[in-house]
2 protein chains.
Amino acid sequence: MSGDTDVEIGLSDFESQAIDFFCDGVKLLGLPKSIGEIYGLLFVSQEALSLNDLVKRLGISKGSASQGLKTLRKLGAVRESDSVEGRKSYYQPDVELKQLVGGFIKEQVRPHLESGEGKLANLKEMVKEMPGDARSDFYAGRLQRLGQWSKRAKVVLPLLQKFLGR
Amino acid sequence: MSGDTDVEIGLSDFESQAIDFFCDGVKLLGLPKSIGEIYGLLFVSQEALSLNDLVKRLGISKGSASQGLKTLRKLGAVRESDSVEGRKSYYQPDVELKQLVGGFIKEQVRPHLESGEGKLANLKEMVKEMPGDARSDFYAGRLQRLGQWSKRAKVVLPLLQKFLGR
DNA sequence: GAGTTTGTTCATTTTAAATTGAACATATCT
DNA sequence: AGATATGTTCAATTTAAAATGAACAAACTC
C-alpha cells in the first residue's frame, strides 16, 4: 500500500494567494521564496504536512523542501508535530510573532552583529597603529560612532522582542 | 584644466576594511553591495565626494554609482553637501543611526507592510465567499492572526525609532 | 536480506538581481 | 557655437543565489 495520505495536488486560489503573501514577507527578510512557500502552505493547512506533501502540493523539488524545512526549523518557525502513526515526520508552523522574530534575530541578525563587532575591533587596531594626526582622529571618531550603533542595536533588539510578546 | 580634485586612486587598507564592514551591513538589509561600498567610502572620507570620485576610487561604473547614490538619497542616508564652488555635486553621509533606520523603514519596510495589508484584505474577502464550514473558520482564524502581526508591526516600528534616538 | 519509503547532500542548472557601458540629456566653460 | 564635464537611463552582460535532481544513507517493511 502506498501509505501516502490523500492530500490534494495543486493549490486552491486561497492557498496560492496566502502563500504569495508569505513569499513577499520572506523576501523582505532576505530569505528565498521557497521558504515563504513552505511556511505559507503550513500556515494555511489545518493538518501537519510531510516533506512529500510539500513537494507534491507546491511542485518544488525534494532538495528545496528539505533545505527549506531545515532553515525553518533552525529559525524556530516550524516544528515536527509530535506525531501520529509511523516514523515519517509531519511539520507544523509556529504562529507566534514573538517567537518568529526571536528566531530570526538569533539566527540571522546576531551573527552579523557579532562578526561586525570583530571587524570593528580590527579597524580600531589599525587606527592605533597610525600616526596621530587629523586623519586618524577623524577615523577614531567614525569608529566610535559605529561602536555606538552596535551597542544600540544590542539594547534595542531584546526590547523589540519584549514589545512583540503577547 | 581638468578640474578633478586630487583624490587618490585605489583604497587604503583601512578604507577597504571599513567598506567591507558596510557591505556586510547592507547585505543584511537586502541591499546591493555597491550601496555598501558607496556609503562606506563616504563614511570614512573627511571630504565630501563627487560621483566621479566614487567611480574612480571604488572602481565601479558610472551607472552603479549614479543608481546607488539615488537609492541612498531616497533612504536619506546621503545628502548633497551644500557646496563649495561649482555646479558639481558632492555627497556626504548621514551618520545618525536614527535617521538611517527611519529612512529604511519608510522606504523599504512600510511599502511592504502596506501591500501586505492589501493582500490580507483580499484574502479576507475570499473567506467571506466560502461556505461557513470548519475549514473557512480555520482560515478566518489564521487571517485574524496575520492581522495581529501587521498591527503589531505598525506599533513597534515607531517605537523602535524612538529608542534609537539620541 | 532484498526492496521500499523517507530524507539529506551536493554538483549542476536555472533564475533573479546587480553591474556595466553606451547612448542620451543637461549644464559649463572658453 | 563647439568642446568638455557631469549625470541619468536602460538594454545587454555578468554575477550571485536558489532550485533541481541524481546519488547516497538510514530507517522501516515484509
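Which residue in β3(B) stands opposite Leu49(B)?

Modeller: Leu49(B) stands opposite Tyr91(B) in β3(B). Before we go on, keep in mind that this is a predicted model, in which local features need pLDDT of at least 70 and side-chain atom pairs count only at pLDDT 80 or more, while totals for chains, interfaces and linings use all residues. As for the names, residues are numbered from 1 along each chain as its sequence is written, and chains are lettered from A and ligands numbered from 1 in the order in which they are written.

Now to the sheet itself. In chain B, three strands make an open, antiparallel sheet in the order β1-β3-β2. Because β1 (49–50) and β2 (78–80) of chain B are at the edges with a single partner strand each, one side of each has no neighbour in the sheet. Strands here are DSSP runs of E with at least two residues, helices are runs of H or I with at least four residues, and both are numbered from the N terminus. Two strands pair when DSSP finds at least two bridges between them. Two bridges link β1(B) with β3 (residues 90–93) of chain B, and these strands run antiparallel.

A helix covers this sheet: α2 (residues 33–43) of chain B lies across β1, β2 and β3 of chain B, at about 85° to β3(B). Such angles run from 0 to 180 degrees between N-to-C directions, using axes fitted to C-alpha atoms, for helices over the stretch in contact. Residues are in contact if their C-beta atoms, placed from the backbone, lie within 7 Å.

Let's turn to chain A. There, too, three strands form an open antiparallel sheet in the order β1-β3-β2. Its edge strands, β1 (49–50) and β2 (78–80) of chain A, each pair on one side only. Three bridges join β2(A) to the antiparallel strand β3 (residues 90–93) of chain A, and Val78(A) is opposite Pro93(A) in β3(A). Helix α2(A) packs on this sheet, touching β1, β2 and β3 of chain A, and its direction makes about 85° with that of β3(A).

The helix α2(A) has a helical partner as well. The axes of α2(A) and α4(A) come within 9 Å and cross at roughly 75°. That makes α2(A) roughly perpendicular to α4(A) (under 35 degrees counts as roughly parallel, over 145 as roughly antiparallel, 65 to 115 as roughly perpendicular and the rest as oblique). Among the residues making this contact are Ile35(A) and Ile38(A) of α2(A), and Leu69(A) and Leu72(A) of α4(A). By class, the contact of α2(A) with α4(A) holds six nonpolar, four polar and no charged residues (Ala, Val, Leu, Ile, Met, Phe, Trp, Tyr, Cys and Pro count as nonpolar, Asp, Glu, Lys and Arg as charged, and the others, Gly among them, as polar).

These helices take us to DNA strand D. α2 (33–43) and α4 (62–74) of chain A, together with α3 (51–58) and α4 (62–74) of chain B, each supply at least two residues of the surface near DNA strand D.

Finally, how do the two chains meet? Their contact takes 35 residues from chain A and 34 residues from chain B. On the chain A side, α6(A) gives the most, with 12 residues.

Note on methods:
Contact = placed C-beta atoms within 7 Å.
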